[in-house]
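Hi everyone, thanks for making time this morning. I'd like to walk you through one structure, so please have a look at it while I talk.

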Amino acid sequence: MKLGAKAALAAAAAAAAAVPIALTAPSAAADHARQDKIQHVLLISVDGMHQSDLAWYVANHPNSELAKLADGGQEYTNNHTSDPSDSDPGGTALMTGGDPKVTGIYYDDEYSHGVFPPGTTNCSGPVPGGNVIYDSPDDKLPAVPDLLNNGSGNTFPSFDEGGSIYPGGIDTDPGKIMNLSPHPQSGLNPATYPVDPTTCKPIQPWDFVGVNTIFQVIHSAGMRTAFAEKHAIYSSFNGPGSNGMSIDDFFGPEIDSQAVEPNGVPYPVDGAWTADNAATKQYDSYKVQAVINWIDGHEHSGKGPKVGTPAIYGMNFQTVSTAEKLKSSPAVLIGPNAQGKYTEGPSLPGGYLAQNGVQVPGPLLQSALDYVNASLQRMANAIQAAGETDSTAIILTAKHGQSPLNNGQLQRIDDGPIISGVNAAWAAAHPGSPTLVVQEADDDGLLWWLSNRSQQAAEFVKNYLWTHTAPAVNYAGQTITVQHSGLRRIFAAHQSAQFFGVPNSDPHHPDVFGIAQVGTIYTTGSKIAEHGGDNAGDHDTPLVVYAPTNVRPGQFDQSVETTQVAPTVLALLGLDPNQLQAVREEGTKVLPGIRGH
C-alpha cells in the first residue's frame, strides 16, 4: 500500500489508565462454541481520528463505550489507511479491500487520461482525458442562495441534493432530511460526470470504481445492506455494474450544504455543516439516528414496516474531523428556549495542545470525542434492546487521519501561485504548448495531473517545485518562507506510478505526487489541519473489531491496513472474502485474530 505498492451530546467519565490485554489464540473448543453467531456488522468510520486519540480517550475514560470496544475487542494499534489518505480512496478501501492501484480512486476531485471530459457528446478521435470529480458539485442543486439573505452572495449545494424534500433547496426544517430517499443519487447530475470513451455516456460514480464492493457480495447473498455517508455521490460504494442498487438503504445528506439549526434558522457562521463544530454534531446526529433506526429494523427514516436489521450497516462521523480542522468553534447548541430559539456555547480552541511534551486533544476535540462516545453508547444500547448483542460485530476505524497534530508545525500555503508559476515557466520554455497542470488535488499532499505525460514534463514540474520557496502562514498568523514549495519528497511520472504500484500507462494515477512537509496545508483559509497526504498524522488511525462471540480481546501491534476491513466483514458474516476482486488481485488478508463462520 505504501511506497512502491500503494443536538449536542456529551459524555464524561473518571480518569484512569487502561491495561492492555495480550493477544492469545482461542482454544479449539471455544472457537467451535462461537461459530455461526455473527449476523450483523456495524461499521463506523470516525473520520480524522488517530490511534493516539483512542488511546488517550480510553486512558482518561476507562468506563466509556470507546474503552469497552477497545478493551473488549481486538485492537490493532499499528493500523494505516490507504494512500492517498483522502475520504474517497479511504472509504473505497474500506468497502473493497483495495488501494487506488485496483480501485482507480485517488481522490474525490481527480483526473483520468482515459476518459472524455464531462459534457462530451462526440467521442471520436483520441481520448483527451478529463476531470473526474465525484463530489458535491455533482448535485442537481449545487448553488442554493444563502438562506440568511444577507447579500453575501454565498451559495451551497442542497441538503437533499436535488430538492426532493426542500423545494429549491430552501431548508427550513433540517429534521425532515430523515425522509431522504434510500437511493439519493437521484439528486445527482450525470452531466458533471466523466464520459466513457466506449459508450460516450457519463460514467456513474459506482461504475468508475475498478473492483466490486462488500455491498455487492452481501446483497447478492440475499442479505440487507445500508450505509450513511456525507455525500450522496458516495453511493459509489454500490460498486461497478450494480446500477447503484447493491446498498438497499443509502442515507447521504449533503455535508457541504448550509448549516441550519433545528428551528430552520441558519447558523451564525453562515457556512456549511463543517464550518461550526456544534453544527457538525447536529449533522452527524441525523446519521446516528439512521443507524438506530436500522438497528430497530426500519429503513433510515424510522417509518414504515420493519424490514430487519441489515447484515452490514454503519456511518461516518465528521465531528472529530472538524474539531481538528477548526482553529476555534462553539462545541454545543443550546436550546430551544421558550421562543423556540437556539444559542451556541462558548467557542473552544480546536486541534491539539501540548501536555507533558505530548500532543493531546484540546477542548474542542475532547468534546467531539465525547460526542462520538455518547453516540456509540446509544447504538450499543439499541443493539442490546434489539437482542442482537451476541450476533453483532462492531468495527471502529477511520478512513483518514489529519495532520498536523502540533500547531507549531502549521504552514498554510496558497498553491494557486505555485500552479501558475509552473504553467508560466512551462509555457516560456515550450511556446504554444497546452497548459501543463490540468488538475490538482492539494490538501496536505500534492497530486497533479499534466497535459503532457512525458517523463521530461513531470521532471520539469518536480524541479520547479523543489527549487522554489513559497510564502506560508503559520498558526500565529505570521508569514514565513517555506522551502521546496512545502514538500519533502516528489515523485514524477514513472516514480509516481511506482509509488502507487501501477504501470506508467495507467490512466488514473497522478503524474506528479508530492509528500508534504509535516504541517503543510495548501489553503487560503484558516484551517489548522487537513488530510489526504502521506504523513503519520494522515494515516495512523484506529482499528478495533468488537465481537465477543467471535473475537478474543487483545492488542495486535504489527502493521495492518484499513483495506483488511472489507474481507474481515465478509468473513464475520460467513461469506468468502475471495469474492472481492481486490482480495484476489492484491492478496488482502482478513485481519489477524478474526474468525468467520
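Predicted model: local features only at pLDDT ≥ 70, side-chain atom pairs only at ≥ 80, totals over all residues.

Let's begin with strand β1, residues 40–46, where seven of the seven residues are buried. In a regular strand, side chains alternate between the two faces of the sheet. In β1, His40, Leu42, Ile44 and Val46 point one way, while Val41, Leu43 and Ser45 point the other, and all are buried.

What does β1 pair with? One partner is strand β17, residues 392–397, which runs parallel to β1 and is joined to it by six bridges. Within that pairing, Val41 sits opposite Ala393. Strand β10, residues 312–317, also pairs with β1 in the parallel sense, again over six bridges. There, Ser45 has Asn316 as its bridge partner.

Apart from its close sequence neighbours within four places, Glu388 is in contact with His40, Ile295, Thr309 and Ile383.

The whole structure has seven salt bridges. One of them is between Lys399 and Glu229, with the closest N and O atoms 2.6 Å apart. That pair links distant parts of the chain, 170 residues apart: Lys399 is in the loop between β17 and β18, and Glu229 in the loop between β8 and β9. Lys399 has a relative accessible area of 1%, so it counts as buried, and Glu229, at 2%, is buried too.

Next, Asp511 and Arg453 meet in a salt bridge at 2.8 Å, N to O. These two are 58 residues apart in the chain. Asp511 is buried at 3% relative accessibility, whereas Arg453 is partly exposed at 26%. Salt bridges with shared partners also join Asp47, Glu229 and Lys399 into one network.

Finally, the cysteines. The structure holds one disulfide, formed by Cys123 and Cys200, with their sulfur atoms 2.1 Å apart. The torsion about the S-S bond is about 85°, so this disulfide is right-handed. Cys123 lies in the loop between β4 and β5 and Cys200 in the loop between β7 and α6, so the pair ties together parts 77 residues apart in sequence. Cys123 is buried, at 16% relative accessible area.

Note on methods: Residues numbered from 1 in each chain as written. Heavy atoms only, no water. Buried < 20%, exposed > 50% of the residue type's maximum accessible area, 1.4 Å probe, protein only. Helix = DSSP H or I, 4+ residues; strand = E, 2+ residues; numbered from the N terminus. Pairing = 2+ DSSP bridges. Disulfide = S-S within 2.5 Å. Contact = heavy atoms within 4.5 Å. Salt bridge = Lys/Arg side-chain N within 4 Å of Asp/Glu carboxyl O.
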